[in-house]
Amino acid sequence: MAPVRVGLVGCGFSAGLHMRGYGKLSSADCQVAAVCGIPKQMAEEFAAKHGIPQAYGGLDEMLDKANVDALDLAVPNHLHAPFIIQGARAGKHIFCEKPLTGYFGPDDVKDDDRVGDAPKKDMLEVAKRNCQAVVEAVTSAGVTFGYAENWIYAPGFLKLWSMAKTAGGTILRIEGEESHSGSHADYAKRWRFSGGGSLMVKGCHPLSAALQLKWWEGEAKFGKPIRAESVLCETGNFTWMDAFKREQQHHVRTGWYDVEDFGIIVIKFEDGSIAEIKAGDTTLGGIRNYLEAHLSNARLRANLNPNDACVAYAPAADIFDSEYIVEKIETKGGWSQPSPDEEWMQGHEQEVRDFVLAIKEDREPLAGITIAQETILVLYAAYVSAEEGRRVDMKPILAE
Amino acid sequence: MKKINVGLVGYGNAAQFHMRAWRQVDQAEVVAVCGRSAERAAAFARQHDLPQSFASMSDMLAQVDVDAVDLIVPNHLHSPFAVEAAAAGKHIICEKHLTGYFGEPDTPEDVLIGETVPKREMLAKVKEECDAIGRTVREAGVAFCYAENWVYAPAFAKLRRLAEAAGGTIIRIQAEESHSGSPSVYAKQWRTAGGGSLVLKGSHPLGAVLQLKQWEGQKRNGRPIRPASVMCEVGNLTFIESVKREPKHYIKMDWKDVEDWGVMVLKFDDGSVAEIAAGDTTLGGVHNYLEAYLSNARIRANINPNDACVAYAPSPEIFGDEYITEKIETKGGWTFPSPEEDWNLGYPQEMADFAAAIAEGREPMSGFMLARDVTLVLYSAYVSAEEGRRVEIASVLA
């Protein structure tokens, strides 16, 4: 079979990450044939830097002119659903960054609108409709959908699942978190572009991994997935605290517009087990990504980042110079845990490889549309819980 | 320096480590012990070389001149004993918890009160009782020392000093106490325990969390920061069907009408958040930690386990009878033995503060407000879990 011809949509941070993944694949398996972005000049610069033959000023133009089999959507969250639908209708396989979709305001939304102030139960309805539209488009087009949830491909997480399967005990409790000292991207601070705050942008990672774990456990043991039954959620805006605002120097990012900068979701699954998912944009010390599973006969922890594969110490912050330590660490001084190969450890390379090979081998990728959709529904139910201060029943929400 | 004469009330397991702790405090002396069985009280007195023993607290208070009583009795007896001691003008050292809901005097033995009594009703009763104790203590003008050892654990005390030096806002706290399950049948039913994992284990990290925010508020504004609301979820992870079917259990089973896992999410009146988890279903030895996220620092107190000492044994019998750490299931493989558990858990440190506080007529670091807040937050959390909603607690605590 000919190599899969990929059209990259977007030329920002995620696009760069994905390029590293494609770079590790054989050119007999895949070729990045084109990239598009707005303005076109950015796409051209990106193409020149990465040796991509063609650059376009937008998805319409690329679909019109380029010969590609698959689209890699590395664009802001609010563009995922419309681009997936457009791409699937054009018969392209889709590789989509997380989260799948969400609520981004009414049709006539303006960039400065405080979209996050809308009632969360209305958001949930819209997010659910968006999910259904995406699933419908992908299913009826019969294209492959790969969900770029790197946690599901992270070696630490897959080893944890492999050990859990061997142990065979019941997964009683899962704890998972993604936190750091705040996204740099401004669109992460506005509901209009991100569809939510810390929980949406960061929490979706450990959430998907936890949902996937219980899904797999159910399939392995009972031939059907174990799904979420209820959620309880609390959110916070720590950077809006009076004592915080009065401080002279801020070490965590500020400027959150209408989204939370911290959240915790407590999920109760239909078998009675629990997951605690946490996410924050106010956590110092570098990125903190982990998932711990408490089984009835074992305890397993995947330290995605940091872990102590490499440990370093420097008496002053300038000693390691420009050498990369780990995402969002504020200083290179003192003890640190440098990540030896972040793309590999976080599963970024592996997700790209699986998507390409799934197309070539005509099979489902490991992370597909089901977990992508489940994640969004749990997230927005969690926002309802936090806003209304009550436990939210997932059964009617997950029902078709 | 005035020595504080202490009378122990109770001679059980906890009395042993209290006794060891008192022995390390110059400023206090244990002069008597009392308990329901005169024989067992006498045996305890002999073991620890105490001059006198009694079959009741009333006898002890009538015959010995003690300054303070150390209540190491089951939770449901804290309230009556505290009231009696305060009325007699004695300072009080009280093991956690201050009090709880254990049913009514006429509730039949076989009624599972954890499943039948609405948590809202429990909260109302518990609040009444807390306030009754508070009134008596206040009117008698005695000190109330709440024996929450986490407040005094060296790792947590260091965390507090580092937080003070950093001076940043404490925006988030995570804390937990979990292990693979209490062996005692009393822990497994509401009637004797007054709750499940949250009450028996969660009260420790909760006490430390509340103390930390109280302390932060005092330092910054001259008044404590207290919780404004709580959201809580509880579970019975040992009731999961597939767990019940497993041929071998490594975690304790047979919980009756209490939860074996819970998490509370507190929002404080300054907007900060604390997540407190507690479980009786966690393998790997006791898991006690508190992590504070400040706006300009991050500090973690690994009370247990920590890597002050790290050991490895290719098979479990190699370390023989040597103590490793609480509730560890095997001594094989890598372990984190606790070098000196009493010190690590803050027992001698709390007794030293209590003796000094009584002698100096000041509030102990862990006093009545903390004892009351812990109890009321716990029962408010139960209301939240039962009713599936966020519970406002500012008015409950007022």
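# Reading domains, contacts and backbone angles

Mentor: The domain assignment of chain A gives domain 1 (4-148) and domain 2 (150-342 + 372-398), with bounds that come from an automatic or database domain assignment. This is a predicted model, in which local features need pLDDT of at least 70 and side-chain atom pairs count only at pLDDT 80 or more, while totals for chains, interfaces and linings use all residues. Residues are numbered from 1 along each chain as its sequence is written, and chains are lettered from A and ligands numbered from 1 in the order in which they are written.

Trainee: How many residues of domain 1 of chain A are in contact with domain 2 of chain A?

Mentor: Two residues are in contact if their C-beta atoms, placed from the backbone, lie within 7 Å. By that rule, 28 residues of domain 1 of chain A are in contact with 24 residues of domain 2 of chain A. On the domain 1 side, the largest share, 8 residues, comes from α5(A); helices (H or I, at least four residues) and strands (E, at least two) are DSSP runs, numbered from the N terminus.

Trainee: How many residues does each chain give to the contact between chain A and chain B?

Mentor: Chain A gives 40 residues and chain B gives 40 residues. On the side of chain A that touches chain B, β9(A) gives the most, with 4 residues. The residues of that side divide into 14 nonpolar, 15 polar and 11 charged, where Ala, Val, Leu, Ile, Met, Phe, Trp, Tyr, Cys and Pro count as nonpolar, Asp, Glu, Lys and Arg as charged, and the others, Gly among them, as polar.

Trainee: Which peptide bond of chain A is cis?

Mentor: The bond from A:Asn305 to A:Pro306 is cis, with omega near 0 degrees, and A:Pro306 lies in the loop between β12 (299-305) and β13 (312-314) of chain A. In chain B, the bond from B:Asn304 to B:Pro305 is cis, with omega near -5 degrees.

Trainee: Is B:Asp254 buried or exposed?

Mentor: A residue is buried if 20 or more other C-beta atoms lie within 10 Å of its own, exposed if 12 or fewer, and partly exposed in between, with C-beta atoms placed from the backbone. B:Asp254 counts as exposed because it has 11 C-beta neighbours inside 10 Å, and B:Asp254 has a positive phi of about 70 degrees although it is not a glycine.

Trainee: Where is B:Lys327 found?

Mentor: B:Lys327 is in the loop between β13 and β14 (333-335) of chain B. B:Lys327 has a positive phi of about 65 degrees, although it is not a glycine, and counts as buried because it has 20 C-beta neighbours inside 10 Å.
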